[in-house]
Amino acid sequence: MTPFDAIVIGTGQGGAPLAVKLGAQGLKTAVIERGAFGGTCVNVGCTPTKAYVACARAAHVARNAEQWGVQIKGSITVDLDAIKTRKDEIIGRSREGVEQWLRSADNVTVFNGHARFIDAHSVSVTGADGKISAQLSADKIFINTGTRPLIPEIAGLETVRYYTNSSMLELTNLPSHLVIIGGSYIALEFAQIFRRFGSRVTVLVRGQRILGREDEDVALAMQDMLSAEGIQFRFGAEPSHVEPTGHGGVKLWMEADVLEASHLLLATGRTPNTDDLGLGYAHLPTDHQGLIAVDGQLRTSVPGVWAIGDINGRGAFTHTSYDDYQIVAANLFDGAHRSVDDRIMAYAVFTDPPLARVGLSESDVRRTTKPALIATLPMQRVGRARERGETTGFMKVLVDERSERIIGASILGIEADEAIHTFIDTMRAGASYRVLQRAMHIHPTVSELVPTLLDGLQPLKPAV
Ligand SMILES: Cc1cc2nc3c(=O)[nH]c(=O)nc-3n(C[C@H](O)[C@H](O)[C@H](O)COP(=O)(O)OP(=O)(O)OC[C@H]3O[C@@H](n4cnc5c(N)ncnc54)[C@H](O)[C@@H]3O)c2cc1C
Ligand SMILES: NC(=O)c1ccc[n+]([C@@H]2O[C@H](COP(=O)([O-])OP(=O)(O)OC[C@H]3O[C@@H](n4cnc5c(N)ncnc54)[C@H](O)[C@@H]3O)[C@@H](O)[C@H]2O)c1
């Protein structure tokens with residue numbers, strides 16, 4: 001048993017910076033990684049998918065160049081092999097950067113292998129050969145093991161070739177017909193990417209609309225936008241069973257209906273990597289989804305054990321995992337009293353144009369009894385959008401009538417993922433919406449229209 005002051009399990013978006021910080025504070029720190037350094041975001045999540053979004057946009061702009069008066073002769077096709085090579089270079093640099101950062105950090109020792117608890121304050125490390133290569137102990141253990149794709153129970157799935165976000169990113173030949181099960185982030189981002197690359201794309205949505213967490217007007221606008229690019233949606237579509245076709249494809253049965261895909265992508269959510277961590281030996285429970293409960297400071301029910309990132313159920317994004325790290329580090333080393341309970345949730349769906357969100361949706365606000373104000377503004381009103389010839393979408397903001405604080409905003413449209421920060425920061429400051437309304441914003445930007453949006457605030461009337 002090798003003693004350390006701290007052990008970090010997993011090098012995701014919270015674990016890697018936390019290990020470096022612990023070491024910098026003089027704690028003898030072990031960090032254990034069983035797979036690729038940098039975790040999901042760097043290797044099979046944000047970075048590769050956003051690299052693909054950029055390539056897909058290039059194809060889309062080239063294909064529609066005439067709209068901007070630009071002549072491109074001949075048809076536009078993509079080279080998926082080249083796109084993958086570009087992506088691999090980008091993620092390779094990030095992965096190596098994280099690994100080098102950890103290996104060169106003061107007081108940090110890196111272990112490659114799978115970590116499992118032996119008891120509440122010691123873990124074993126199992127190497128690729130299946131043998132235990134180290135046993136480590138520490139008073140402080142930080143778990144940052146992330147999630148993996150959730151594979152739904154569909155009869156016959158084990159008999160067909162299917163893809164997840166990870167294996168889709170390994171393709172070098174374009175699917176002729178990509179069928180995607182799911183109606184959320186992964187489904188929509190991949191649907192648009194591969195449609196723009198040139199595949200036929202069908203999205204099978206279990207419910208009656210995509211983006212189940214969003215307001216209906218937002219979801220419908222997103223659906224219209226993607227449908228206009230030729231993506232087909234089927235609602236209330238849950239395959240009962242699947243079977244292989246003769247040529248590597250998949251037949252999907254939905255009641256009396258049959259659909260044939262060259263490629264099937266499962267985008268049906270994620271499951272936490274907590275099932276093979278030996279948590280029972282640490283007497284650390286998980287909920288029915290495998291998530292580890294934490295308090296505001298990200299401490300689990302076992303003293304000296306923290307859970308950060310996707311596995312604590314307090315966010316499932318890179319920025320929430322990194323914010324977890326910042327909360328833990330500030331409380332441990334800066335005498336701060338930061339709590340995850342103070343977090344204002346924000347995220348984006350990186351379609352092109354993206355959907356960016358912060359705080360409550362209109363539906364969330366309607367479920368409360370507080371009097372609220374609402375304003376919406378179509379992107380058609382935004383000069384920047386008209387100049388770009390990309391006017392899809394709208395902005396929506398919700399304000400608490402009594403406190404005048406902004407309580408939520410959505411922007412679907414160009415630069416939404418940047419413009420949303422004007423709301424995030426005003427909300428974080430706890431300022432009245434009037435502060436933002438009176439700010440002078442730069443012309444011609446999307447943010448320029450935010451004060452105008454706020455000029456239009458009206459009482460939120462009961463839904464009819
Ligand atoms: C396709 C896709 C696109 C995404 N796009 C975005 C985006 O645009 N923006 C955004 O904010 N978020 C995005 N996300 C979510 C984001 O990737 C995660 O929220 C983020 O990576 C945070 O994860 P984490 O820190 O909890 O752990 P992870 O990044 O998942 O890292 C966990 C690490 O722990 C290791 N590990 C697991 N078990 C063990 C063990 N027993 N022993 C040792 N090591 C172990 C794993 O190998 C992994 O390296 C995306 C996710 C996916 C799947
Ligand atoms: N832009 C981003 O920040 C981004 C991008 C991609 C992924 N992510 C993260 O990755 C996580 C996973 O994303 P996701 O889109 O897979 O998951 P999700 O949990 O957001 O959505 C899962 C979707 O699959 C559907 N579904 C679930 N089981 C099904 C079944 N058996 N049959 C048919 N449909 C089914 C659900 O109705 C839902 O539409 C998210 O939590 C998100 O935080 C973030």
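1. A residue counts as buried if 20 or more other C-beta atoms lie within 10 Å of its own, as exposed if 12 or fewer do, and as partly exposed in between, with C-beta atoms placed from the backbone. H443 is exposed because 9 other C-beta atoms lie within 10 Å.

2. This is a predicted model, in which local features need pLDDT of at least 70, side-chain atom pairs count only at pLDDT 80 or more, and totals for chains, interfaces and linings use all residues. Residues are numbered from 1 along each chain as its sequence is written, and chains are lettered from A and ligands numbered from 1 in the order in which they are written.

3. An unreviewed UniProt entry annotates H443 as "active site"; such annotations may be inferred rather than shown by experiment. H443 sits in the loop between α13 (433–437) and α14 (450–455), where helices are DSSP runs (H or I, at least four residues) and strands likewise (E, at least two), numbered from the N terminus.

4. Ligand 1 is surrounded by 35 residues, counted when the C-beta atom, placed from the backbone, lies within 6 Å of the molecule. The closest are G10, G12, G39, G146 and G309. Two or more residues each come from β3 (29–33), α2 (39–43), α3 (46–63), β5 (114–119) and α8 (318–333).

5. α3 has 18 residues and reaches 25 Å from first to last C-alpha, close to the 26 Å expected at 1.5 Å a residue, that is, 1.5 Å times one less than the number of residues. Its buried residues include T47, P48 and Y52.
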